[in-house]
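Follow the chain from a sheet to the helices packed against it. Then turn to the nonpolar cores.

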Amino acid sequence: MKQILEDIIRTENIRTVFQPIVSLLNGDILGYEALSRGPAGSPLERPDMMFKAAEEHNMIWELEYLCRLKALEKAKNIVPSKMLFINVDPKIINDEKFKSGFTKEFIEKSGINAANIIFEITERTCIEDYKTFKKSIDNYINQGFRIAIDDTGSGYSGLKMLAETHPHYIKLDMDLIRNIDKKALNQALVKALLEFANSSNMKIIAEGIETPDELNTLIRFGIHYGQGYLLQKPSPEFLQISPSVKSMITEKQAQNQNQYVNNMHNIPIGEIARFDSPINPCATGSAVNDIFKANTDIQGLPIVENGVPTGLLMRNDFYSKLGTQYGVAIFMNRPIKLLMNNSPLIVDYNTALAQVSNIAINRREENLYDYIIITKNNKYYGITTVKSLLEHITQLELNTAKQLNPLTGLPGNLLIEQNIKKTLDLDEDKYIIYFDLDNFKAYNDTYGFENGDRIIGLTANIIKECLSSNSCESFIGHIGGDDFVAIVALDDIEKTCSDIMQVFDNRVKNYYTEADKNNGYIMSTNRHGTVEKFPIISLSIAVVDNKKHKFKSPVEVSRQLSILKKKCKIKWESNFFIY
């Protein structure tokens, strides 16, 4: 091995391949990790064997230097804006030869900006002196280099390493990522590391992504970047990811962006499905036993014949049957259809989360936590668990609650903007209505904030009541203060606006003293400090017709509503304008 290694170093017989690191926000490529390979067909072709031999024969510095040199030579062809991740052993980074042979000037001679170089600290060996190591790291950061900690979650790469180095990137070990869609403990660890990263201005890179379910789970959590065979395999060239993979990322992100607009009543169950490989009903108990033993995180097996689900076998049910007298003898070599549940919960992809939840919790107690099988076009599509279903519903409710105005309980600005955008994107034939109270500040100054809040609550209730009485599909939001927005599909917009104004004008008087009500005004100080008369609060209503004008953006809608609102306010009484 020593001779082979010496020949590799002497002849510089190293192959460098590059694997892209991809944004899980939009599918763009952040940069490439340079990976070294030994001569094809040799005992040291695999990098782990090559570096192990280098450690054993005290040639780690020579091998690391050669790998970096080859990576930089090929990286001349990298797109200037892309990062280059170069693996570095922590013991090497303290070496004087490294300090003198890997300076900012050395990098720039290769035509690469130091700011685009990421030292990826690979902990093949433990760090014994963090103080000296941290000093070396700071030296490179001050030169413009950046730092990534590799394989976080395994080996020596622990919390102390993160705390001492404060890296720019945290690379999660592939063992944490493997089957993360099925492993609750791994999910909890990844979420905790993500929260730590976000609070510390670091970015997470998930390594070893190999399945769509792993990718979708990481996107749902908000992981920043990903790397793995599903996205792109290592290659001698600087490859892009395929259009299909990029679409997979952007489509999942679009679903995430709509989580505030969507709720458990309109999100289909298929969006939270994961694909578990099914088995045939003729498979033997022995085969099922092997599957369960090899996959400890799987709690059930969907049973499918010719693409159509016919049953379900849960782990507990299987082993409880085997545990009966003669169970092993009877079932291990017989078809699993003798043990399966012939009537599992099977739902179509487009069934709403709320509906599935209602069905699932009304199952018999012994089946309460059985997998839910999902079909698409009557064919097996995947499964979801009760735990996953409840987690998604809870998260949706939390997301919605965060966006509600605490005074009225109506959706706030983010939801308003997203619903307007949705209306425009879908080219829906709807009216967008802006409600604004006139003379409200004077009322607030005279009667106090508590009474002012009551007027705002009154306005919200009147809008809801009138739109509901007209039996129209509507969204109602509270921008804040005395401003509201509604998006409605109506046959008679003028009658609806008139009804709202009439009800408002009648009820709002009840919030004044008899004297002010009889006068029809209150005396209050204006913004210039002068006392003047202010009429009873009135309601201005500005309406735009998306069917007629086909607006292109929420900004365009807002601009037109503002123009109409100014027209309304010229009159000192409730009125409306429609554009």
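An open sheet of 5 strands runs in the order E15-E16-E14-E19-E20, with mixed pairing. Strands pair if DSSP finds at least two bridges between them. Strands (E, at least two residues) and helices (H or I, at least four) are DSSP runs, numbered from the N terminus. E15 (474-480) and E20 (575-578) are the edge strands; each has a single partner, so one side of each lacks a neighbour in the sheet. The twist averages 15° from one strand to the next.

This is a predicted model: local features need pLDDT of at least 70, side-chain atom pairs count only at pLDDT 80 or more, and totals for chains, interfaces and linings use all residues. Residues are numbered from 1 along each chain as its sequence is written, and side-chain values use heavy atoms, leaving out hydrogens and water.

E15 and E16 (residues 483-488) run antiparallel, joined by 6 bridges. Phenylalanine 475 faces isoleucine 487 in E16.

Helix H20 lies across E14, E15, E16 and E19, at about 10° to E16. Angles run from 0 to 180 degrees between N-to-C directions, with axes fitted to C-alpha atoms, for helices over the stretch in contact. H20 (residues 449-469) also meets H21 (residues 493-508): their axes come within 10 Å and cross at roughly 145°.

Now the cores, sets of buried Ala, Val, Leu, Ile, Met, Phe, Trp, Tyr and Cys residues joined through side-chain atoms within 4.5 Å. Buried means under 20% relative accessible area (1.4 Å probe, protein chains only). The largest core has 53 residues; Leu84 and Ile117 are among those touching the most other members. A second, separate core of 36 residues includes Ile433, Phe435, Phe440 and Phe484.

Technical notes:
Buried means under 20% relative accessible area, exposed over 50%, partly exposed in between (1.4 Å probe, protein chains only). Contact means heavy atoms within 4.5 Å.
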